[in-house]
Amino acid sequence: RAAADCSAAFDASLVETHASGERGKWWFATHFTYEGEPISPWHDVPFSAGGESPERVHFVCEIARGTTAKFESHKGLAKNPIRQDLKKDGETVREYAYGPSLCNYGALAQTWEDPTVPDDDTGLGGDNDPIDVLQLNARPCALGEVYAVRVLGALALIDDDETDHKLLVVDAADPAT
């Protein structure tokens with residue numbers, strides 16, 4: 001049973017991550033399974049996190065608050081494992097130069113910013129990636145963690161002549177939010 005086929009019954013607590021390779025090296029990857037079957041965090045985790053509120057969506061953590069390694073779901077590999085971004089040499093992993101991340105950072109499942117469709121506000125096409133998320137709670141997420149978040153707002157940024165939206169969200173299970 002694929003996770004995408006059962007969005008109404010999807011249970012994010014059943015998502016497991018499995019690391020391969022050596023952390024800090026270009027070949028390190030975090031892979032995902034759901035009920036023991038390999039899944040893509042981008043394509044197989046449902047967009048909607050259900051519940052009583054329509055703004056609950058699934059967040060996939062790529063960069064934990066307080067860390068500097070720049071990770072993201074790899075669009076070019078089967079099942080889109082999370083890999084550390086590389087510098088232009090193709091082997092050196094990227095780290096944030098300005099210090100540790102001030103929030104949890106990741107993406108929304110089953111979203112994509114189409115580079116061929118101009119955004120109404122920026123006039124530019126999307127960045128060809130899932131929609132980015134800034135998750136604002138104090139608790140750091142774990143690399144690959146999937147959970148429900150509530151959307152507070154959005155920013156439409158321009159990065160290298162592409163629209164790059166950032167959603168501001170909070171953990172839907174956090175009683176403080």
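**Burial, cores and salt bridges in a predicted model**

Biologist: Is leucine 134 buried or exposed in this predicted model?

Modeller: The relative accessible area of leucine 134 is 18%. Burial requires a value under 20%, so the 18% of leucine 134 places this residue in the class called buried.

Biologist: In which element is leucine 134 placed, and which residues does it touch beyond four places in sequence?

Modeller: Leucine 134 has its place in strand β8. With residues up to four places away in sequence not counted, the residues that leucine 134 touches are Cys103, Asn104, Tyr105, Lys166, Leu167, Leu168 and Val169.

Biologist: With which side chain does the side chain of aspartate 132 make a polar contact?

Modeller: Aspartate 132 lies in strand β8, residues 132–135. At 10% relative accessibility, this aspartate counts as buried. Beyond four places in sequence, aspartate 132 touches residues including Gly106, Asp127, Asp164 and His165. The polar contact of its side chain, at 3.1 Å, is with the side chain of tyrosine 105.

Biologist: Which backbone nitrogen does the side chain of threonine 111 reach?

Modeller: Threonine 111 is found in the loop between β7 and β8, and its relative accessible area of 10% makes it buried. Its contacts, not counting residues up to four places away in sequence, are Trp42, Phe47, Pro130 and Ile131. At 2.9 Å, its side chain reaches the backbone nitrogen of isoleucine 131.

Biologist: Which residues of the largest nonpolar core touch the most other members?

Modeller: This core has 20 residues. The residues that touch the most other members are Val15, Phe32, Phe71 and Val146.

Biologist: How many residues form the other core, which includes Val57 and Tyr147?

Modeller: That core lies apart from the largest one. Val133 and Val169 are also among its members, and its residues number eleven.

Biologist: What is the phi of lysine 79, and what is that of asparagine 80?

Modeller: Most residues other than glycine have a negative phi. Lysine 79 and asparagine 80 are found in the loop between β5 and β6. Asparagine 80 is buried at 4% relative accessibility, whereas lysine 79 is partly exposed at 42%. Phi is positive in each, at about 65° for lysine 79 and, for asparagine 80, near 50°.

Biologist: How many residues separate lysine 79 and aspartate 44, which form a salt bridge?

Modeller: The closest N and O atoms of the pair are 3.8 Å apart, and the cut-off for a salt bridge is 4 Å. Aspartate 44 is buried, with a relative accessible area of 13%. Because lysine 79 lies in the loop between β5 and β6 and aspartate 44 in the loop between β3 (37–39) and β4, the pair ties together parts whose separation in sequence is 35 residues.

Biologist: How far apart are the closest N and O atoms in the salt bridge of lysine 75 with aspartate 129?

Modeller: Lysine 75 is partly exposed at 35% relative accessibility, while aspartate 129 is buried at 17%. The distance between the closest N and O atoms of the two is 2.8 Å. This pair links the loop between β5 and β6, where lysine 75 lies, to the loop between β7 and β8, where aspartate 129 lies. The distance asked for is therefore 2.8 Å.

Biologist: Which residues are linked with Lys70 in a network of salt bridges?

Modeller: Lysine 70 forms a salt bridge with aspartate 85, the closest N and O atoms lying 3.4 Å apart. Lysine 70 is buried at 11% relative accessibility, and aspartate 85 is buried at 14%. The residues linked with Lys70 in the network are Glu72, Asp85 and Arg94.

Biologist: What accessible area do Trp26, Trp27 and Leu86 have together?

Modeller: Leucine 86 lies in the loop between β6 (82–84) and β7 (104–108) and is partly exposed, with a relative accessible area of 31%. With Trp26 and Trp27, Leu86 forms a nonpolar patch on the surface, and their accessible area together is about 270 Å².

Key
Residues numbered from 1 in each chain as written. Predicted model: local features only at pLDDT ≥ 70, side-chain atom pairs only at ≥ 80, totals over all residues. Heavy atoms only, no water. Patch = residues over 30% accessible without salt bridge, like charges linked within 9 Å, V, L, I, M, F, W, Y side chains within 5 Å. Areas by Shrake-Rupley, 256 points an atom, 1.4 Å probe, with all protein chains shown as cover. Salt bridge = Lys/Arg side-chain N within 4 Å of Asp/Glu carboxyl O. Helix = DSSP H or I, 4+ residues; strand = E, 2+ residues; numbered from the N terminus. Buried < 20%, exposed > 50% of the residue type's maximum accessible area, 1.4 Å probe, protein only. Core = buried A, V, L, I, M, F, W, Y, C linked by side-chain atoms within 4.5 Å. Polar contact = N/O pair within 3.5 Å; in protein donor to acceptor, adjacent residues only side chain to side chain. Contact = heavy atoms within 4.5 Å.
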